[in-house]
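Me: I would like to go through the aromatic residues and the surface of this model. Could we take it step by step?

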Amino acid sequence: MRLTNEQHETLSHYLCTVGIKEQEPFEEFYDHIATGFEESHEQDLKRYIRNIAQPAFGGTEGMLRIVKEQNKIRKSLIWNRAKEIFLGLFGWPTILVVLASFATVYAGITLLGQRFILLFTLSIGLLFPILVVFYGIIKFYLSCKKAHLPYTSSNLNHWFLSMFHLPFVLLNVGGNLIIPLIVGRDAFKEFLNAYPLITIVFSTFIMLIGITYLKLIRERFIFKITTI
(Lines give C-alpha, C1' and ligand atoms only; values in the text may rest on other atoms or scores of the structure.)
Protein backbone atom coordinates (compact mmCIF):
# COMPACT_ATOMS: atom_id res chain seq x y z
CA MET A 1 0.00 0.00 0.00
CA ARG A 2 1.29 3.43 -0.95
CA LEU A 3 0.25 6.73 0.59
CA THR A 4 -2.59 8.50 -1.16
CA ASN A 5 -2.17 12.08 -2.32
CA GLU A 6 -4.12 13.26 0.71
CA GLN A 7 -1.93 11.21 3.07
CA HIS A 8 1.19 12.49 1.32
CA GLU A 9 0.04 16.08 1.89
CA THR A 10 -0.78 15.28 5.52
CA LEU A 11 2.64 13.80 6.25
CA SER A 12 4.50 16.52 4.34
CA HIS A 13 2.60 19.25 6.18
CA TYR A 14 3.28 17.59 9.52
CA LEU A 15 7.05 17.40 8.92
CA CYS A 16 7.19 21.03 7.79
CA THR A 17 5.20 22.06 10.85
CA VAL A 18 7.69 20.26 13.08
CA GLY A 19 10.48 22.25 11.43
CA ILE A 20 12.03 19.57 9.21
CA LYS A 21 12.57 21.45 5.95
CA GLU A 22 15.82 20.13 4.47
CA GLN A 23 15.89 17.28 1.97
CA GLU A 24 17.86 14.65 3.88
CA PRO A 25 16.02 14.67 7.24
CA PHE A 26 12.68 15.29 5.53
CA GLU A 27 12.99 12.27 3.22
CA GLU A 28 14.36 10.07 5.99
CA PHE A 29 11.52 10.88 8.39
CA TYR A 30 8.99 10.67 5.57
CA ASP A 31 10.15 7.18 4.52
CA HIS A 32 10.35 5.98 8.12
CA ILE A 33 6.86 7.16 9.05
CA ALA A 34 5.28 6.13 5.74
CA THR A 35 6.77 2.62 5.95
CA GLY A 36 5.63 2.24 9.55
CA PHE A 37 2.13 3.35 8.65
CA GLU A 38 1.91 1.00 5.68
CA GLU A 39 3.01 -1.94 7.84
CA SER A 40 0.61 -1.10 10.66
CA HIS A 41 -3.10 -1.87 10.88
CA GLU A 42 -3.90 1.80 11.42
CA GLN A 43 -6.17 3.41 8.82
CA ASP A 44 -5.88 7.04 9.89
CA LEU A 45 -2.45 8.59 9.20
CA LYS A 46 -3.00 11.51 11.54
CA ARG A 47 -3.86 9.14 14.37
CA TYR A 48 -0.83 6.97 13.55
CA ILE A 49 1.46 10.00 13.68
CA ARG A 50 -0.06 11.26 16.93
CA ASN A 51 -0.24 7.93 18.79
CA ILE A 52 2.66 5.89 17.37
CA ALA A 53 5.22 7.72 15.22
CA GLN A 54 5.65 10.93 17.17
CA PRO A 55 5.98 9.26 20.61
CA ALA A 56 8.49 6.78 19.14
CA PHE A 57 10.79 9.69 18.27
CA GLY A 58 10.35 11.39 21.63
CA GLY A 59 7.86 13.96 20.40
CA THR A 60 8.64 16.94 18.19
CA GLU A 61 11.59 17.89 20.40
CA GLY A 62 12.99 14.39 19.99
CA MET A 63 12.62 14.62 16.22
CA LEU A 64 14.47 17.92 16.08
CA ARG A 65 17.13 16.46 18.37
CA ILE A 66 17.58 13.56 15.94
CA VAL A 67 17.93 16.03 13.06
CA LYS A 68 20.55 17.99 15.00
CA GLU A 69 22.52 14.85 15.80
CA GLN A 70 22.31 13.68 12.18
CA ASN A 71 23.60 17.05 11.00
CA LYS A 72 26.60 16.71 13.33
CA ILE A 73 27.26 13.18 12.07
CA ARG A 74 26.98 14.30 8.45
CA LYS A 75 29.37 17.22 9.10
CA SER A 76 31.88 14.85 10.70
CA LEU A 77 31.58 12.40 7.80
CA ILE A 78 32.16 15.19 5.29
CA TRP A 79 35.28 16.50 7.04
CA ASN A 80 36.68 13.00 7.53
CA ARG A 81 36.05 12.14 3.90
CA ALA A 82 37.69 15.41 2.83
CA LYS A 83 40.82 14.47 4.78
CA GLU A 84 40.78 10.99 3.20
CA ILE A 85 40.54 12.44 -0.30
CA PHE A 86 43.30 15.00 0.33
CA LEU A 87 45.72 12.51 1.86
CA GLY A 88 44.81 9.99 -0.84
CA LEU A 89 46.21 12.39 -3.44
CA PHE A 90 49.67 11.53 -2.15
CA GLY A 91 49.26 7.83 -2.95
CA TRP A 92 49.83 6.08 -6.24
CA PRO A 93 48.89 6.98 -8.97
CA THR A 94 47.26 10.24 -7.77
CA ILE A 95 50.66 11.49 -6.61
CA LEU A 96 51.16 12.27 -10.30
CA VAL A 97 48.40 14.89 -9.95
CA VAL A 98 50.33 16.47 -7.07
CA LEU A 99 53.56 16.49 -9.07
CA ALA A 100 51.78 17.92 -12.12
CA SER A 101 50.23 20.67 -9.97
CA PHE A 102 53.63 21.48 -8.47
CA ALA A 103 55.25 21.59 -11.90
CA THR A 104 52.45 23.78 -13.29
CA VAL A 105 52.79 26.27 -10.43
CA TYR A 106 56.59 26.31 -10.74
CA ALA A 107 56.42 26.98 -14.49
CA GLY A 108 53.71 29.60 -13.98
CA ILE A 109 55.75 31.55 -11.42
CA THR A 110 58.78 31.46 -13.71
CA LEU A 111 56.80 32.74 -16.69
CA LEU A 112 54.06 34.90 -15.14
CA GLY A 113 55.24 35.89 -11.67
CA GLN A 114 54.20 35.08 -8.12
CA ARG A 115 51.28 37.52 -7.87
CA PHE A 116 49.52 36.15 -10.94
CA ILE A 117 49.98 32.53 -9.87
CA LEU A 118 48.71 33.26 -6.35
CA LEU A 119 45.55 34.86 -7.73
CA PHE A 120 45.16 32.09 -10.31
CA THR A 121 45.50 29.24 -7.83
CA LEU A 122 43.19 30.92 -5.31
CA SER A 123 40.59 31.26 -8.06
CA ILE A 124 40.97 27.64 -9.16
CA GLY A 125 41.31 26.20 -5.68
CA LEU A 126 38.66 28.18 -3.81
CA LEU A 127 36.55 30.39 -6.07
CA PHE A 128 35.72 27.79 -8.73
CA PRO A 129 34.56 25.08 -6.26
CA ILE A 130 32.38 27.58 -4.38
CA LEU A 131 30.79 28.64 -7.67
CA VAL A 132 30.06 24.97 -8.35
CA VAL A 133 28.40 24.68 -4.93
CA PHE A 134 26.34 27.84 -5.50
CA TYR A 135 25.27 26.49 -8.89
CA GLY A 136 24.21 23.24 -7.21
CA ILE A 137 22.25 25.11 -4.54
CA ILE A 138 20.40 27.25 -7.08
CA LYS A 139 19.72 24.27 -9.36
CA PHE A 140 18.46 22.24 -6.40
CA TYR A 141 16.18 25.09 -5.29
CA LEU A 142 14.68 25.54 -8.75
CA SER A 143 14.23 21.78 -9.22
CA CYS A 144 12.38 21.53 -5.89
CA LYS A 145 10.16 24.46 -6.80
CA LYS A 146 9.41 22.98 -10.20
CA ALA A 147 8.52 19.61 -8.67
CA HIS A 148 6.45 21.31 -5.93
CA LEU A 149 8.44 19.58 -3.20
CA PRO A 150 7.89 20.59 0.44
CA TYR A 151 11.58 21.50 0.82
CA THR A 152 13.97 23.65 -1.21
CA SER A 153 17.29 23.22 0.63
CA SER A 154 19.75 20.44 1.33
CA ASN A 155 21.74 19.88 4.51
CA LEU A 156 24.54 18.42 2.40
CA ASN A 157 24.80 21.59 0.31
CA HIS A 158 24.78 23.62 3.52
CA TRP A 159 27.82 21.79 4.88
CA PHE A 160 29.64 21.93 1.54
CA LEU A 161 29.19 25.71 1.53
CA SER A 162 30.25 26.07 5.17
CA MET A 163 33.55 24.28 4.44
CA PHE A 164 34.71 27.31 2.46
CA HIS A 165 34.28 29.58 5.48
CA LEU A 166 37.50 28.56 7.25
CA PRO A 167 39.98 29.08 4.36
CA PHE A 168 38.40 32.45 3.48
CA VAL A 169 38.62 33.57 7.11
CA LEU A 170 42.28 32.49 7.33
CA LEU A 171 43.15 34.28 4.10
CA ASN A 172 41.30 37.40 5.21
CA VAL A 173 42.99 37.47 8.62
CA GLY A 174 46.42 36.78 7.09
CA GLY A 175 46.07 39.28 4.24
CA ASN A 176 44.43 42.12 6.14
CA LEU A 177 45.70 41.74 9.70
CA ILE A 178 48.80 39.62 10.25
CA ILE A 179 50.78 40.58 7.14
CA PRO A 180 50.16 44.38 7.06
CA LEU A 181 50.16 44.99 10.83
CA ILE A 182 52.71 42.53 12.14
CA VAL A 183 55.01 41.61 9.26
CA GLY A 184 54.53 44.49 6.82
CA ARG A 185 53.51 44.13 3.18
CA ASP A 186 56.86 45.22 1.73
CA ALA A 187 58.81 42.93 4.04
CA PHE A 188 56.49 40.05 3.20
CA LYS A 189 56.91 40.61 -0.55
CA GLU A 190 60.68 40.65 -0.16
CA PHE A 191 60.49 37.43 1.85
CA LEU A 192 58.45 35.69 -0.85
CA ASN A 193 60.78 36.93 -3.57
CA ALA A 194 63.73 35.56 -1.62
CA TYR A 195 62.07 32.20 -1.05
CA PRO A 196 59.81 31.45 -4.07
CA LEU A 197 59.51 27.82 -2.93
CA ILE A 198 57.05 28.99 -0.25
CA THR A 199 54.74 30.45 -2.90
CA ILE A 200 55.06 27.30 -4.99
CA VAL A 201 54.16 25.01 -2.08
CA PHE A 202 51.29 27.26 -0.93
CA SER A 203 49.84 27.56 -4.44
CA THR A 204 50.13 23.82 -4.99
CA PHE A 205 48.38 23.22 -1.67
CA ILE A 206 45.50 25.51 -2.69
CA MET A 207 45.12 23.65 -5.99
CA LEU A 208 44.99 20.32 -4.14
CA ILE A 209 42.35 21.78 -1.80
CA GLY A 210 40.30 22.67 -4.89
CA ILE A 211 40.65 19.15 -6.28
CA THR A 212 39.57 17.75 -2.90
CA TYR A 213 36.48 19.98 -2.81
CA LEU A 214 35.44 19.01 -6.33
CA LYS A 215 35.84 15.30 -5.57
CA LEU A 216 33.92 15.72 -2.33
CA ILE A 217 31.01 17.53 -3.99
CA ARG A 218 30.41 14.49 -6.21
CA GLU A 219 29.84 12.22 -3.21
CA ARG A 220 26.74 11.63 -1.09
CA PHE A 221 26.39 11.13 2.64
CA ILE A 222 23.11 9.31 3.25
CA PHE A 223 22.08 7.25 6.28
CA LYS A 224 18.82 6.15 7.86
CA ILE A 225 17.31 7.60 10.99
CA THR A 226 16.66 5.53 14.06
CA THR A 227 14.22 6.11 16.89
CA ILE A 228 15.61 7.18 20.24
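Me: Phe-140 and Tyr-151: are they buried or exposed?

Reply: This is a predicted model. In it, Phe-140 and Tyr-151 are both buried.

Me: How are the rings of Phe-140 and Tyr-151 arranged, stacked or edge-to-face?

Reply: They form a stacked aromatic pair, with 6.4 Å from centre to centre and 15 degrees between the planes. The pair links distant parts of the chain, 11 residues apart: Phe-140 belongs to helix α6 (residues 114–146), and Tyr-151 lies in the loop between α6 and α7 (155–162).

Me: How many aromatic pairs does the structure hold?

Reply: There are 8 aromatic pairs in the structure. One of the pairs is formed by Phe-37 and Tyr-48, whose ring centres are 5.6 Å apart.

Me: Why is the pair of Phe-37 and Tyr-48 edge-to-face?

Reply: The planes of the two rings stand at 65 degrees, so the pair is edge-to-face; the cut-off for that class is over 60 degrees.

Me: Where in the chain are Phe-37 and Tyr-48?

Reply: Phe-37 is in helix α2 (residues 23–39) and Tyr-48 is in helix α3 (residues 45–56), so this pair also links distant parts of the chain, 11 residues apart. Phe-37 and Tyr-48 are each buried.

Me: Turning to the surface, which residues form a nonpolar patch?

Reply: The nonpolar patch on the surface is formed by Leu-111, Leu-112, Phe-116, Phe-120 and Ile-124, which together have about 510 Å² of accessible area. Helices α5 (95–112) and α6 are the elements that give two or more residues to the patch.

Me: Which element gives the most to the nonpolar patch?

Reply: The most comes from α6, with 3 residues. Phe-120 is found in helix α6.

Me: Why does Phe-120 count as partly exposed?

Reply: Phe-120 has a relative accessible area of 36%.

Me: Where is Val-18 placed, and why does Val-18 count as buried?

Reply: Val-18 is in helix α1 (residues 5–18). Val-18 counts as buried because its relative accessibility is 12%, and the cut-off is under 20%.

Conventions: Residues are numbered from 1 along each chain as its sequence is written. This is a predicted model: local features need pLDDT of at least 70, side-chain atom pairs count only at pLDDT 80 or more; totals for chains, interfaces and linings use all residues. Side-chain values use heavy atoms; hydrogens and water are left out. Rings of Phe, Tyr and Trp (its six-membered ring) pair if their centres lie within 6.5 Å; planes under 30 degrees apart count as stacked, over 60 as edge-to-face and the rest as tilted. Helices (H or I, at least four residues) and strands (E, at least two) are DSSP runs, numbered from the N terminus. Buried means under 20% relative accessible area, exposed over 50%, partly exposed in between (1.4 Å probe, protein chains only). Patches are made of residues with over 30% relative accessible area and no salt bridge: like charges are joined within 9 Å, nonpolar side chains (Val, Leu, Ile, Met, Phe, Trp, Tyr) within 5 Å. Accessible areas come from the Shrake-Rupley method with a 1.4 Å probe; for residues, only the protein chains shown count as cover. A salt bridge is a side-chain nitrogen of Lys or Arg within 4 Å of a carboxyl oxygen of Asp or Glu.
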